[in-house]
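Here's a quick briefing on a handful of local features. Have a look at the model first, then go through the notes below.

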Amino acid sequence: MVNLLLAAALAAAPPAVTPAPPSEPAMFVVRDSDTTIFIFGTFHALDGKDQWFGDKVRDAFEQSNELVLETLVPERRGDAAAAPAVLHVPSVTPSASFLATTRMAIDAGRSQGMQVDNGADMVLRRQAEAEGKPVEGLETLQFQLNMFDHMPPAAPPAVASQPAQAQSPAMDRLSVAMGAMQAAWKRGDQSVFVNMLGQLKAASPQTYKMMFTERNIRWADWIRARLRTPGTVFVAVGAGHLAGQDSVLVRLAERGIPSQRVN
């Protein structure tokens, strides 16, 4: 969900991407004498073309006793349009502009072959379930639905407000933005997410606060509390939550908990 919203924020000006040597998605670790917590930045919809779940990411996952995701969303296997659960729950009525932006990002992702079924969250969850690892969420599904329901109103998305004949170039730009985000994620390039977060914060400070600032604080507190229990945990949250000045990692540092990037 976060990946889709960030890309939509850049529909008018997708980021330039500088080719870089292949690497792995960004992953960090915090630890004390008897607890290790890997913190992995996910991408919620992927094209499934490249193998990212290997080497250091796979090793960290296999070392872990449990998997922790943002939330446990009911799976909709085979549904390429599966998006935030908010789109499938009639009792929740987010702002029309929020829904329109999300739907456009989904369509743009489809054009790049990206599906939630291939997303990092789904891959990790299925592997954990196959191995019998416990899986839990940092937030309840109801919490996320309530958050989307209370998103502040925003100006109609640029693409949706254009005449039909003018939408194709704008959708093309959004598709490019989605592809650029996916490529940046695969090589562990956090700078693209920092740029997108800055634009989202400028465009809608309240949305940014609700989706990033407040949640990152709560998640940092969760990690701090979890460090009191021995064991190894694999925490996987949207890559945008691990980038920028309000990231989970910054909040951990403010609590005296240093993190180290491991790939």
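Buried here means under 20% relative accessible area, exposed means over 50%, and partly exposed is in between (1.4 Å probe, protein chains only). Helices (H or I, at least four residues) and strands (E, at least two) are DSSP runs, numbered from the N terminus. This is a predicted model, so to speak of local features takes pLDDT of at least 70, side-chain atom pairs count only at pLDDT 80 or more, and totals for chains, interfaces and linings use all residues. Residues are numbered from 1 along each chain as its sequence is written, and side-chain values use heavy atoms, with hydrogens and water left out.

**Helix α5**
- In α5 (residues 141-149), the buried residues are Q144, L145, M147 and F148.
- Looking down the axis of α5, these buried residues fall within an arc of 160° (taken from the directions from the helix axis to the C-beta atoms), so they line one face of the helix.

- N195 sits in α7 (residues 191-203) and is partly exposed, at 35% relative accessible area.
- T213 belongs to α8 (residues 205-226) and counts as buried, at 16% relative accessibility.
- Setting aside neighbours within four places in sequence, T213 is in contact (heavy atoms within 4.5 Å) with Y208, D246 and R251.

- Most residues other than glycine have a negative phi.
- D55 isn't a glycine, yet its phi is positive, at about 50°.
- D55 is in α2 (residues 55-63) and counts as exposed, at 59% relative accessibility.
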